[in-house]
Amino acid sequence: MSIYSKKNLYYEVEPQFSYYFNSVYQKDDATNPPFSLGIRFAIGIK
């Protein structure tokens, strides 16, 4: 989602999702989930 203001500024918000694969040589660790969720915020000048 992007919002533009009158002063040539814009604001952005984006969802992020990452999935991590284990190495072939690494033991499976069931205590940590293999994914992460996040939100990215940005302020820009146009």
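Accessible areas were computed by the Shrake-Rupley method with a 1.4 Å probe, and for residues only the protein chains shown count as cover. On this basis the accessible surface of the protein chain comes to about 4700 Å². Carbon and sulfur atoms hold 59% of that surface. The model is predicted: local features need pLDDT of at least 70, side-chain atom pairs count only at pLDDT 80 or more, and totals for chains, interfaces and linings use all residues. Residues are numbered from 1 along each chain as its sequence is written, and side-chain values use heavy atoms, with hydrogens and water left out.

The protein chain has zero helices and three strands. Helices (H or I, at least four residues) and strands (E, at least two) are DSSP runs, numbered from the N terminus. The pattern along the sequence is β-β-β. Of the 46 residues, 7% count as buried. Buried means under 20% relative accessible area, exposed over 50%, and partly exposed in between (1.4 Å probe, protein chains only). Among contacts with a separation of 6 or more, 47% come from residues 24 or more positions apart. A contact means heavy atoms within 4.5 Å.

Strand β1 spans residues 2-4 and includes Tyr4. Tyr4 touches Leu9, Tyr10 and Lys46, not counting residues up to four places away in sequence. Tyr4 is exposed, at a relative accessible area of 54%.

Two aromatic pairs were counted. Rings of Phe, Tyr and Trp (its six-membered ring) pair if their centres lie within 6.5 Å; planes under 30 degrees apart count as stacked, over 60 as edge-to-face and the rest as tilted. Tyr4 and Tyr10 form a tilted pair, 5.6 Å centre to centre with 45° between the planes. Tyr10 is partly exposed, with a relative accessible area of 23%. Phe17 and Phe35 form a stacked pair, at 6.2 Å centre to centre and 25° between the planes. Phe17 lies in strand β2 and Phe35 in strand β3, so this pair ties together parts 18 residues apart in sequence. Phe17 is exposed at 57% relative accessible area, whereas Phe35 is partly exposed at 41%.

Two salt bridges were counted, each defined as a side-chain nitrogen of Lys or Arg within 4 Å of a carboxyl oxygen of Asp or Glu. Arg40 pairs with Glu12, the closest N and O atoms being 3.7 Å apart. Arg40 lies in β3 and Glu12 in β2, so the pair ties together parts 28 residues apart in sequence. Arg40 also meets Glu14 in a salt bridge (3.3 Å, N to O). This second pair links β3 to Glu14 in β2, 26 residues apart. Shared partners join Glu12, Glu14 and Arg40 into one network. Arg40 is partly exposed at 33% relative accessibility, and Glu14 is partly exposed at 34%.

A nonpolar surface patch comprises Met1, Ile3, Tyr11, Val13, Ile39, Phe41 and Ile43, with about 790 Å² of accessible area together. Patches are made of residues with over 30% relative accessible area and no salt bridge: like charges are joined within 9 Å, nonpolar side chains (Val, Leu, Ile, Met, Phe, Trp, Tyr) within 5 Å. The elements giving two or more residues to the patch are β2 (9-19) and β3 (35-45). Strand β3 gives the most, with three residues. Ile39 is found in β3 and counts as exposed, at 56% relative accessibility.
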